[in-house]
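Let's take a walk through this protein, from its inside to its surface. Have a look at the model first, and then we'll go through it piece by piece.

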Amino acid sequence: MKEKYIGILALVLTIFLFHTPVLANQSSLQVPEQITGESAYAHVSYLTEVIGVRETGTEAEIDAMDYVALQFELMGYDVEIQPFSFVGWDGVTYESSNVIATKEGKFDQTVIVGAHYDSVDERICYNDEGEITDKSTGAGDNASGVGVMLEVAEVLAKYKTLGTIKFIAFGGEEKGLGGSISYAGQMTEKEINNTVTMIDLDSVGAGDFFYVYSGLDDNPGWARDLALKIGQRMGYDLRTSPQSEYFDYGTTGDWSDHVPFKNLGIPIAYFEWMNWDIEPDGGIETEEFGWIMHECLDNLSFIHIGKLEMTADVVGSLVFQLSKTKLPKSVKGKIAKGNKYISIQKRKDLPN
């Protein structure tokens, strides 16, 4: 085990030396100016090229858990490993763990940022001669979400915040949302009432367009709308889902780690890259290649650093603004609508 951690540490140092920009005075820079996507891409590269496919309950998933936990520790976060077991959609009982990194605030208001670090099994494509043309490594789904979460965590670790921020790497998502169900199921009533929003990052490195949604029945979706305003002020083409036969405007299906939190009444901002113009009843990832997630194409060659940067820009600014603003509570004990109380500033005017 000791040798394993030494090896991981050596690779981590290499990643940060060669991929993290050196900033002379980081504390004087605005949050988006410190985000480049390079750190996120380096994490995606390690998770997919070094560890590879990370099926639930496998040694590779444990390796990914160790890697993510070490990143948070190097950033200075308090880190907790939360083991759990669950019965997957296939009827099999799995053992996995969540990695929870906490930045404590001064008042009872929490933002949760989550991304699952497991992947589906390996998918392989062959040409007519039987030669392998592509192999999946779970790069988009969902090393990309983990990479963005880690870059945002790295930047926000340098700032004083008033509210608490919890970064959670979920295990077991692909077998039935095991990690997020386990975490949400252990939340106390106080924790639920004090959670301002849950931000879900799932498949944010490929896809045609940048989207953010609320969950089904998550009305009025103020966290989604706040994210849309931030993206607009930054000049990004951040979209949400259209009204369709199966989904209300701005919502998406119950198929990612936002679902258990939405079911608790916690507002949701769920980010992904997709294309709802092609299929307004659920979307397709790309016009050129169709689906990438869960296919043989889900590897590092389809990950775009610019998409990672855009996602981290918006998510980092959203989390920062929520964690710097004390929101009044409604009579029901929930956090009041954030977009009524937070001033959305242009990128150049974002506070330090």
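## The nonpolar cores

The largest nonpolar core here has 67 residues, and those with the most contacts inside it are Phe72, Phe167, Ile199 and Phe271. A nonpolar core is a set of buried Ala, Val, Leu, Ile, Met, Phe, Trp, Tyr and Cys residues joined through side-chain atoms within 4.5 Å. Buried means under 20% relative accessible area, exposed means over 50%, and partly exposed is in between (1.4 Å probe, protein chains only). Helix α4 (residues 139-156) gives this core its largest share, 10 residues. Apart from this core lies another one, of 19 residues, among them Ala184, Ile192, Met198 and Met274.

Back to Phe72: leaving out residues up to four places away in sequence, its contacts (heavy atoms within 4.5 Å) include Val79, Met149, Ala153 and Phe167. In soluble globular proteins, nonpolar side chains tend to be buried together.

## How the model is read

This is a predicted model: local features need pLDDT of at least 70, side-chain atom pairs count only at pLDDT 80 or more, and totals for chains, interfaces and linings use all residues. Residues are numbered from 1 along each chain as its sequence is written, and side-chain values use heavy atoms, with hydrogens and water left out.

Helices (H or I, at least four residues) and strands (E, at least two) are DSSP runs, numbered from the N terminus.

## A helix on the inside

Is helix α5 (residues 178-185) largely enclosed or open? It is largely enclosed by the rest of the structure, because 6 of its 8 residues are buried. Those buried residues are Gly178, Gly179, Ser180, Ser182, Tyr183 and Ala184. Their cover includes β1 (78-87), β2, β3, β6 (164-170) and α8 (259-262).

## The loop between β2 and β3

Now find Phe107, in the loop between β2 (93-103) and β3 (110-116). Phe107 is buried, with a relative accessible area of 13%. Not counting residues up to four places away in sequence, Phe107 touches Leu162, Gly163, Thr164, Thr325 and Lys326. Phe107 and Lys326 are 219 residues apart in sequence, yet their C-alpha atoms are 8.0 Å apart in space.

Gln109 lies in that loop between β2 and β3 too. Gln109 counts as buried, at 2% relative accessibility. A polar atom of the Gln109 side chain lies 2.9 Å from the backbone nitrogen of Leu327.

Note on methods. Polar contact = N/O pair within 3.5 Å; in protein donor to acceptor, adjacent residues only side chain to side chain.
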